[in-house]
Amino acid sequence: MDTPDSTSPLLSVRGICKRYGDRVALQDASFDLWPGEVLAVVGESGSGKSTLLNAVAARSAPDAGSVQFRGRDGALQDVFAMTEAQQRLLARTDWGFVHQNAADGLRMDVSAGANVGERLMGLGERHYGRLRSTAADWLQRVEIDPARIDDAPRTFSGGMRQRLQIARNLVTQPRLVFMDEPTSGLDVSVQARLLDMLRQLTRQMQLAAIIVTHDLAVARLLAHRMVVMQRGRVVESGLTDQVLDDPQHPYTQLLVSSVLQP
Ligand SMILES: Nc1ncnc2c1ncn2[C@@H]1O[C@H](COP(=O)(O)OP(=O)(O)OP(=O)(O)O)[C@@H](O)[C@H]1O
Ligand SMILES: [Mg+2]
């Protein structure tokens, strides 16, 4: 068996295709993700970013293609060959998924503490005191006053909900987190703080992440590498600074220059 190291990908995505009826949403999308790496997926609205993320995260089956994930034991797992139960286990242990709309990723009517504790309980933790103190720690880490631990997220602001969703996902120390436009519903100052927090957490936890965004500034701030999508295809990929400073594909050149226009 080959040993895991920083030269073998954590995730290998090959040839993902997806159609909705006659419409081709994804055409032969491939990329690799290395351990601890943050990859941004950028492109205009409708280019297939969310479709790609949902396919790779095994939330919606593609028509073709494969996803291989390197487990903690170093062995490659074929994600689409897993049973649904195995996929669910992966999704609540080694993987996290942060939705654009926090209400899709939280239970809005149960307490903040229970939202954070749920994934730990799913892994077998039953000790109430430990669950509560871990939840309180995580609220603090995402800058939510632990005094709000018994409040339900429907009483939280948009930014707080998004931070709670992040705590709920990270509490199990996942190795890979998928995020679909995690900051786009928030106003600019709240976005900046959340991005800063995400940057710190991904570095501290050596977390690999795939972050979908239409905002090149988000990619610049968070991502080591990026892939650019246009009409369901990956048209360019590379180191973030290289792609943004010296875009090769005409579509990427257009994206970059339209952002730079005053
Ligand atoms: N459930 C669906 N049924 C039919 N077509 C869909 C569905 N979901 C997505 N599509 C189509 O697939 C294409 C890609 O959509 P997708 O949501 O992946 O784009 P996106 O890049 O995430 O866009 P946005 O930035 O607006 O979120 C679009 O043409 C869209 O209309
Ligand atoms: Mg989308």
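## Overall span

The end C-alpha atoms of residues 11-256 lie 27 Å apart, and this span is 39% helix and 26% strand, where helices (H or I, at least four residues) and strands (E, at least two) are DSSP runs numbered from the N terminus. The model is predicted, with local features needing pLDDT of at least 70 and side-chain atom pairs counting only at pLDDT 80 or more, whereas totals for chains, interfaces and linings use all residues. Residues are numbered from 1 along each chain as its sequence is written, and chains are lettered from A and ligands numbered from 1 in the order in which they are written.

In an unreviewed entry, UniProt lists residues 11-256 under "domain: ABC transporter"; such annotations may be inferred rather than shown by experiment.

Strand S1 (residues 11-20) and strand S2 (residues 23-33) pair in the antiparallel sense over seven bridges, two strands being taken as paired if DSSP finds at least two bridges between them. Tyr-20 stands opposite Arg-23 in S2. S1 and S2 form a hairpin with two residues between them, and Gly-21 in the turn has a positive phi of about 60 degrees.

## The six-stranded sheet

An open sheet of mixed pairing is formed by six strands in the order S6-S7-S8-S3-S9-S10. Its edge strands, each pairing on one side only, are strand S6 (95-98) and strand S10 (233-239). From one strand to the next the twist averages 15 degrees.

## H6 with its helix neighbours

H6 and helix H7 (residues 188-204) pack at an angle of about 15 degrees, with their axes 10 Å apart, which means that H6 is roughly parallel to H7 (angles under 35 degrees count as roughly parallel, over 145 as roughly antiparallel, 65 to 115 as roughly perpendicular and the rest as oblique). The contact is made by Gly-159, Gln-162, Arg-163 and Leu-170 of H6 and Val-190, Leu-194 and Leu-201 of H7, two residues being in contact if their C-beta atoms, placed from the backbone, lie within 7 Å. By class, this contact has four nonpolar, two polar and one charged residues; Ala, Val, Leu, Ile, Met, Phe, Trp, Tyr, Cys and Pro count as nonpolar, Asp, Glu, Lys and Arg as charged, and the others, Gly among them, as polar.

H4 and H6 pack at an angle of about 30 degrees, with their axes 7 Å apart, and H4 is therefore roughly parallel to H6. Ala-112, Asn-115, Val-116 and Arg-119 of H4 meet Leu-164, Ala-167 and Arg-168 of H6 in this contact, which has four nonpolar, one polar and two charged residues.

## H4 against H5

Helix H4 (residues 112-122) and helix H5 (residues 128-141) pack at an angle of about 115 degrees, with their axes 9 Å apart. Their contact is made by Ala-112, Gly-113, Val-116, Gly-117, Leu-120 and Met-121 of H4 and by Leu-131, Arg-132, Thr-134, Ala-135, Trp-138 and Leu-139 of H5. By class, the contact of H4 with H5 has eight nonpolar, three polar and one charged residues.

How values were computed. Axes are lines fitted to C-alpha atoms, for helices over the stretch in contact, and angles run from 0 to 180 degrees between N-to-C directions.
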